[in-house]
Amino acid sequence: MGGDKNTGLGAYSMGASAGAAITGSSNTAIGYNSMLEAQGAVANNTAVGATALQNITTGGGNVMIGACVGYGVVGGAGNVYIGDKAGLANTSGNDNVFIGKCAGCDSTASCCLIIGNGTCDIITGAFNTCLLYTSDAAD
C-alpha cells in the first residue's frame, strides 16, 4: 500500500487486488474486501463493513458504513451511504446521501437525499429527495 495515511484492516482490504498501487492518501478501509480495488489517487475515503466500497478505483471523499454498502462505486465522490447495500449499484454518482437498508440500491443519480429501507431505487436524475419506507416480503 502506497500513499500517505492509508489504513486497511481486514482480509483483502485497501487495494489488496492484484496490481493495485495506491498513491492517494487518508483512506480508511475496515472489513473483508473493503476498498479491495482501490488504486491510483483515491483519497479521503472511509469504508467500514465487509465489501464496503469494494470496487472504487478513482473516487474520493466518500463515507460508506455497512455490509456491501457502495459496492458498485467506482468513481463517485462526496457520497455518504449508511446501511446494508445502500447505493449498491451507483457506480459514479456524486454528492449523494443514502441512509437505510438498500436505500438507493439501483439509483444511478447524483445530488440526492434518500432515507428509508429499499427506498427510491429507480431515481436516475439529479437533485431528488425521497423519504419513505418500503418493506420487501423477502427481507
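Q: Why does Cys105 count as buried?
A: In this predicted model, where local features need pLDDT of at least 70, side-chain atom pairs count only at pLDDT 80 or more, and totals for chains, interfaces and linings use all residues, Cys105 has a relative accessibility of 3%. Buried means under 20% relative accessible area, exposed means over 50%, and partly exposed lies in between (1.4 Å probe, protein chains only), so Cys105 counts as buried at 3%. Residues are numbered from 1 along each chain as its sequence is written, and side-chain values use heavy atoms, with hydrogens and water left out.

Q: What makes Cys102 and Cys105 a disulfide?
A: Their sulfur atoms are 1.6 Å apart, and because a disulfide is a pair of cysteine sulfur atoms within 2.5 Å, Cys102 and Cys105 form one.

Q: Why is the disulfide of Cys102 and Cys105 called left-handed?
A: The torsion about its S-S bond is about -135°, and therefore the disulfide is left-handed.

Q: Why is Cys102 called partly exposed?
A: Cys102 has a relative accessible area of 23%, so Cys102 is partly exposed.

Q: What makes the aromatic pair of Tyr12 and Tyr32 edge-to-face?
A: Rings of Phe, Tyr and Trp (its six-membered ring) pair if their centres lie within 6.5 Å, and planes under 30 degrees apart count as stacked, over 60 as edge-to-face and the rest as tilted. Tyr12 and Tyr32 lie 6.0 Å centre to centre with 80° between the planes, and this aromatic pair is edge-to-face.

Q: Why is Tyr12 called exposed?
A: The relative accessible area of Tyr12 is 51%, so Tyr12 is exposed.
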